[in-house]
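I opened the model today and kept notes as I went. The entries follow the order in which I looked things up.

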Amino acid sequence: MAKYQETNVQVPGCAATALGNLMAAHNLSRDEMLRRLLSRHVERQQALPEDDRLTHISTVLRYPPPPRHRGEESIALRLRLRLPPGLAEAARGLSLLLPGQSPRRGHRDYQARSLADAVVTAIVVEHPFDDEVLSGLLPLLRHRSVHGLWRLVVAATTTRAEASVIKRGDQRSLDVAHFLEEDVAWHDRFRYEMVDYLARKLLGLPNVDEREQLRHEQMLYDQKPRGWGGIKQSLERRDPEWFAGAPVPSRDFAGRGGAAVWRAERRVELREIGLWLLRGPTRTHKVEPPGWTLRIPTSWKRVAVPIGEPLPRPLATLIQEDRALQMQVGSQQLIWPVLSISDPVPSLHTVIKAAGPCPAVEIAEALLLNLDRDYIGPVLVPAHRAHNLGLIDLAVRDQLVANARDATSRNMRDVIDANPHLEPAQRSALIAAMTSPALFARLVQPLGARGPFVQRPLWLWKVRSLATELANDASVARIRWLTPAVMRLRQRALEQSMEDAGRLAFERTRPRWID
């Protein structure tokens, strides 16, 4: 293993200047100085309760902001890091993560700056810095205080789709509202502009004095009904005193709000799937969103053990060998599915392995999906794979290949015929390229034609569900191929459902602040 792992972060210029001053004071290289700073930072953060860990104000403000569009130059400075194995991950795991943010990859609006947060926080603890943007603000905030500030921002920027859920008042809506606030919030540059506005109003000089800064930080940390709760209600009501000078949105965020509501509803539904499996004996369950139905084979059973009690040895063995799924549902450990306490469902371990790193409840959902429903999509198997799996004979495979070849030729011929004014040399070159789809696609690009021109030889597998195949003793090879295919179909259907929810919210509503 390499002695050091290399990565990089983007930080404010003033942080880089402070780092340079530390390097000069300690007579150390940049790499060694950063290693020492991050090591000490990790030690400090690990010694603190999660709520009391520290983050730098630049992370809270998302400063410097990312470029608005491709080609725009970033004002952040890039620092190279060469760190011992494990240090970067340890630092990331102790950094600020707001509801809805992705700890690593994702849409740029949703990416947490975990490692950059660790670096700037480590620097500022040992060498304070600021610039014209950060001046007057508390440099360090506790994580719980930042969450208190973020909840105020959410209250100030709630869309109608989110507000309609909060107003319903029934238990499911309260659960959805909880996930909206604590887990799946939408992110956008505008929300960080509101973070900046409220941070300066509550924590910035000269709007408040130094004593008020500390008092307000404590208020954000405590999040009590009086004080913080009153501000939250004022922001929800759009009281003018809190919005004088506030940033104005440049576009409609109803779609993002609708998609966030969908994500919160999915969190509730995944919990409901676990409860349904725990309760039994109902064999079907409607999942909304996205609207599909799950069905359990009659021979499948579940075992529940109170949390804290050891699992019976046969069940512990099944879990250890990936022959059953284990879920925490309320106060119970749910072991599912089994035929008996010591008898696993045949080939289930193949599904668990092939599904990859996925929560148990999501594997359960994929197992029980009815795949013959239109919105999930057909299971299409490449002809050669279908033959190898024993789903079709050689004659059917060869016919599928021939049909696909003919369809590909027709697609290419249609493109040529749709351009009657081609020069003879161009036409001849295209005809000659019909045996090479990649070359053909390059040659027709100036004509405005777009592929794909290739028709793949596919066979429609009329499978009802993964669970049905397991119950029918399908071969391990079939299960190993079908499992990731079902996971992809499920994910694609979920993404489409979320997009539809966002689009519908956009069509139906406008953000509340445009009223």
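**Entry 1**

I began with Arg 238, which I found in the loop between helix 11 and helix 12 (254–279). I kept in mind that this is a predicted model. Arg 238 has a positive phi of about 60°, although it is not a glycine. Is Arg 238 buried or exposed? Its relative accessible area is 18%, and the cut-off for buried is under 20%, so Arg 238 counts as buried.

**Entry 1: another arginine**

I then looked up Arg 62, in the loop between helix 3 (57–61) and strand 3 (77–83). Its phi is positive too, near 55°, and this residue is not a glycine either. I noted a relative accessibility of 9% for Arg 62, so it counts as buried.

**Entry 2: the nonpolar cores**

Next I asked which residues have the most contacts inside the largest nonpolar core. They are Val 119, Phe 129 and Leu 198, in a core of 79 residues. Helix 9 (residues 189–203) gives the largest share of this core, nine residues. Apart from this core lies another, of 55 residues, and I wrote down Leu 278, Val 287, Ala 467 and Leu 489 as being among them.

I picked Leu 198 and listed its contacts, leaving aside neighbours within four places in sequence. They are Leu 149, Leu 152, Val 153, Leu 203, Leu 235 and Trp 242.

**Entry 3: Asp 196**

I stayed in helix 9 for Asp 196. Its relative accessibility is 22%, so I put it down as partly exposed. The side chain of Asp 196 makes a polar contact of 2.8 Å with the side chain of Arg 200. I also checked Asp 196 against Pro 344: they are 148 residues apart in sequence, and their C-alpha atoms are 55 Å apart in space.

**Entry 4: from helix 9 to helix 10**

I moved on to the loop between helix 9 and helix 10, where Pro 206 is placed. The peptide bond joining Leu 205 and Pro 206 is cis, with omega about 5°.

At the start of helix 10, a side-chain oxygen of Asp 209 comes to within 3.1 Å of the backbone nitrogen of Arg 211.

I then listed the buried residues of helix 10: Gln 213, His 216, Glu 217, Met 219, Leu 220 and Tyr 221. An α-helix has 3.6 residues a turn, so residues three or four places apart point the same way. The buried residues of helix 10 pack against strand 4 (140–142), helix 6 (143–156), helix 9 and helix 11 (228–237). After helix 10 comes Gln 223, with a positive phi near 55°.

**Entry 5: Thr 55**

I looked up Thr 55 in strand 2 (residues 54–56). Its relative accessibility is 0%, so Thr 55 counts as buried. The side chains of Thr 55 and Asp 117 are joined by a polar contact of 2.7 Å. Not counting residues up to four places away in sequence, Thr 55 touches a list of residues including Val 60, Leu 96, Thr 121, Pro 139 and His 143.

**Entry 6: a hairpin**

How do strand 5 (residues 284–287) and strand 6 (residues 292–295) run? They are antiparallel, and four bridges join them. I noted that Lys 286 has Thr 293 in strand 6 as its bridge partner. Four residues lie between the strands of this hairpin, where Gly 291 has a positive phi near 120°. Pro 289 is also in the loop between strand 5 and strand 6, and the peptide bond from Glu 288 to Pro 289 is cis, with omega near 0°.

**Entry 7: helix 14**

My last stop was helix 14 (residues 348–355), where Leu 348, Thr 350, Val 351, Ile 352 and Ala 355 are buried. What covers these buried residues? The cover includes strand 8 (325–329), strand 9 (332–340), helix 15 (360–368), helix 20 (466–471) and helix 21 (476–508). Just after helix 14, I found Gly 356 with a positive phi of about 80°.

Definitions and conventions. Residues are numbered from 1 along each chain as its sequence is written. This is a predicted model: local features need pLDDT of at least 70, side-chain atom pairs count only at pLDDT 80 or more; totals for chains, interfaces and linings use all residues. Side-chain values use heavy atoms; hydrogens and water are left out. A nonpolar core is a set of buried Ala, Val, Leu, Ile, Met, Phe, Trp, Tyr and Cys residues joined through side-chain atoms within 4.5 Å. Buried means under 20% relative accessible area, exposed over 50%, partly exposed in between (1.4 Å probe, protein chains only). Helices (H or I, at least four residues) and strands (E, at least two) are DSSP runs, numbered from the N terminus. Contact means heavy atoms within 4.5 Å. A polar contact is a pair of N or O atoms within 3.5 Å; within protein, one must be able to donate a hydrogen and the other to accept it, and residues adjacent in sequence count only if both atoms are side-chain atoms. Two strands pair if DSSP finds at least two bridges between them.
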